[in-house]
Amino acid sequence: FDVTVNRILTRTQSKKKHRHPLLEDQYRYICKAVTFSYLPDDSDAEYPISLRVLRFPIGEDSFENVITNLPEKEFPAMEIKSLYGMRWGIETSFCTLKHALG
């Protein structure tokens, strides 16, 4: 599973203020209570974002879901899986160290 998802983040809920009416299904509202440095609180600006959603097996009945902005041409799904596997070792080591130190 390797899908690219495009979204347009905005602080306004008004469809009349959206700049791309044909892309209405891509709009996602971010409320003012959520900190998002790329969109000022009182702005009608838009922030386009493209994310890649990957899902790959890690066991017989287990899957891992990863969301990234790494390009598909430079980072095929199997390379992302390998990189994630290497990172997971670091994360578990850090968690063990963190709990040992309190």
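Is Glu72 buried, partly exposed or exposed? In this predicted model, in which local features need pLDDT of at least 70, side-chain atom pairs count only at pLDDT 80 or more, and totals for chains, interfaces and linings use all residues, Glu72 counts as partly exposed at 48% relative accessibility, where buried means under 20% relative accessible area, exposed means over 50% and partly exposed lies in between, with a 1.4 Å probe and protein chains only. Residues are numbered from 1 along each chain as its sequence is written, and side-chain values use heavy atoms, with hydrogens and water left out.

The C-alpha trace spans about 50 × 35 × 25 Å along its principal axes.

Of the 102 residues in the protein, 18% are buried. The accessible surface amounts to about 8000 Å², and carbon and sulfur atoms account for 57% of this area, as computed by the Shrake-Rupley method with a 1.4 Å probe, only the protein chains shown counting as cover for residues. Among contacts (heavy atoms within 4.5 Å) between residues at least 6 apart in sequence, 44% join residues at least 24 apart. The protein carries 14 positive and 14 negative side chains, and the centres of the two sets lie 6 Å apart; Lys and Arg count as positive and Asp and Glu as negative, while His and the chain ends are not counted, and the place of a charge is taken as NZ of Lys, CZ of Arg, CG of Asp or CD of Glu.

The pairing of the strands was examined next. Strand β1 (residues 2-10) pairs with strand β3 (residues 46-57) in the antiparallel sense over nine bridges, two strands being taken to pair if DSSP finds at least two bridges between them. Within this pairing, Thr10 stands opposite Glu46 in β3, and Val5 stands opposite Leu51 in β3. An antiparallel pairing over six bridges also links β3 to strand β4 (residues 63-68), and these two strands form a hairpin with five residues between them; here the bridge partner of Leu54 is Val66 in β4. By contrast, β1 and β2 run parallel and are joined by three bridges, with Arg28 in β2 as the bridge partner of Leu9.

Leu51, which lies in strand β3, is partly exposed, with a relative accessible area of 29%. Leaving aside neighbours within four places in sequence, Leu51 is in contact with Val3, Thr4, Val5, Ile67, Thr68 and Asn69, and the C-alpha atoms of Leu51 and Asn6, although 45 residues apart along the chain, are separated by 6.4 Å. Arg28, found in strand β2, likewise counts as partly exposed, at 36% relative accessibility. When residues up to four places away in sequence are not counted, Arg28 touches Arg7, Ile8, Leu9 and Thr10, whereas its C-alpha atom is separated by 10.0 Å from that of Pro48, 20 residues apart along the chain.

Two loop positions complete the description. Thr12 is placed in the loop between β1 and β2 (27-29) and counts as buried, at 10% relative accessibility; residues up to four places away in sequence not being counted, Thr12 touches Lys17, His18 and Tyr29. Glu72, the residue considered at the outset, is placed in the loop between β4 and α1 (77-101). Apart from neighbours within four places in sequence, Glu72 is in contact with Asp2 and Arg52, while the C-alpha atoms of Glu72 and Lys32, which are 40 residues apart along the chain, are separated by 33 Å.

Notes
Helices (H or I, at least four residues) and strands (E, at least two) are DSSP runs, numbered from the N terminus.
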